[in-house]
Amino acid sequence: MSDTLHPQTLAIRGAKEQTQFNEHNQALFLTSSFMFDSAADGAALFKGEKQGYTYSRTANPTTAAFARRIAILEGAEAAVATATGMAAINAAILTFLSAGDHLVCSRSLFGTTVGLLNNHIARFGIDISFVSQTDPAQWQAAVRPNTKMFFLETPSNPLNEVADLEKLAAIAHAAGALLVVDNSFLTPALQQPLKFGADLSVHSATKAIDGHGRVQGGVIVGRKELMQQVQMYMNACGLSMSPFHAWVLLSGVETLPLRIEKQCANTDKIAAWLRDQPQVKHVCHAGFADHPQADLVQKQQAAGGIVIAFEVEGGQQAAWKLLDAVKIFSKTANLGDVRSTITHPWTTTHGRMSPEAKHEAGIREGLLRIAIGLEHPDDLIADLAQAMK
Ligand SMILES: *Cc1c(COP(=O)(O)O)cnc(C)c1O
């Protein structure tokens, strides 16, 4: 498909595996294997002399259509779909790192990613340094001769701190390292990290790509030469996405640009309202014109995103009271859904961190995170207002 088409068109028309039956929607190929025409055909497929499908752990038409559509939306040469977002992060890291290598990560990472790094990746003899999300000098200072990868997500969860992708890509590449960005928060509809020098972009498709809280999935995009290696690791470890989940996610992708645009507009409105409330100490939202990295937001992101963190007066007690009093918001740690959600990071997403580490990361007792969906923003504002009372 032509790359002059708009994302709204590509999200719907961007990739499809068509059969001879002329089905209009992407067909669901719920099959674990594929037949060979003959012994010679099987041999050619296995040798790679002939393109085609053999076994769904390796590749499946529905899953391939999903991966290709995300690659097109993100301006990437290739993509590999995985069972979950964590499978995508696992594959992005372990395809390229071995014992004795060094990995530099932002300190502001998704909690399960921190667990994967500290409890598992570290067991395999890979050294990990954690540095500031917003200070490229710390990344530069962390570089060692064996540094092979930088890993981060931007904006950060939940405080919306933005990393400078171009600067970090330059530092990584000068060190001979790859820059890997977890782009789950913004999706390809709002940010394409490869355009700013990232080598790989990974997603939890479970979040806004599905957008309806139905299935789990992940995807990695990047250059063909890197993605071929990821594909081999994904296949060997069995991290593949289910074709059924790919089929569900494809319908999510079709409305992704439309949903995200409206969700961002709703988020901007709610963030502005929150700022005016006397019970609210401060509001973190990447859509504010006076965001500390507003120039980077302007450059890297198409909008501020759908996540707001705000701190209420009165610490954990007040935050819990507000959370318990909302009627429309779902009390869940998920985000990116058409249903707005609310969570208390101190005791949920960041609950396993020590109080000191939380304070250092800017997570306070009175902080709440909301992720805005597609309900009318005035109804959500009224819900927060009654809960604050
Ligand atoms: C949810 C999430 C993940 C993990 O994705 P799963 O699909 O739950 O495995 C990774 N990174 C970020 C930023 C997330 O929000």
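I took buried to mean under 20% relative accessible area, exposed over 50%, and partly exposed in between, with a 1.4 Å probe and protein chains only. The model is a predicted one, in which local features need pLDDT of at least 70 and side-chain atom pairs count only at pLDDT 80 or more, while totals for chains, interfaces and linings use all residues. Residues are numbered from 1 along each chain as its sequence is written, and side-chain values use heavy atoms, with hydrogens and water left out.

Entry on the surface. I looked up Leu30 and found it exposed, at a relative accessible area of 61%; Leu30 sits in the loop between helix 1 (7-13) and helix 2 (39-47), helices being DSSP runs of H or I with at least four residues, numbered from the N terminus.

Entry on the ligand. I found 13 residues surrounding the ligand, of which Gly85, Asp182, Ser204, Thr206 and Lys207 are the closest, where a residue counts if one of its heavy atoms lies within 4 Å. Helix 4 (residues 85-94) gives the largest share of this shell, three residues.

Entry on polar contacts, which are pairs of N or O atoms within 3.5 Å. I noted that an N or O atom in the side chain of Asp182 is 2.6 Å from a nitrogen atom of the ligand. Oxygen atoms of the ligand lie 2.8 Å from a polar side-chain atom of Ser204 and 2.6 Å from a polar side-chain atom of Thr206. The protein buries 92% of the 380 Å² that the ligand exposes when taken alone, by the Shrake-Rupley method with a 1.4 Å probe.

Notes: Helix = DSSP H or I, 4+ residues; strand = E, 2+ residues; numbered from the N terminus. Polar contact = N/O pair within 3.5 Å; in protein donor to acceptor, adjacent residues only side chain to side chain.
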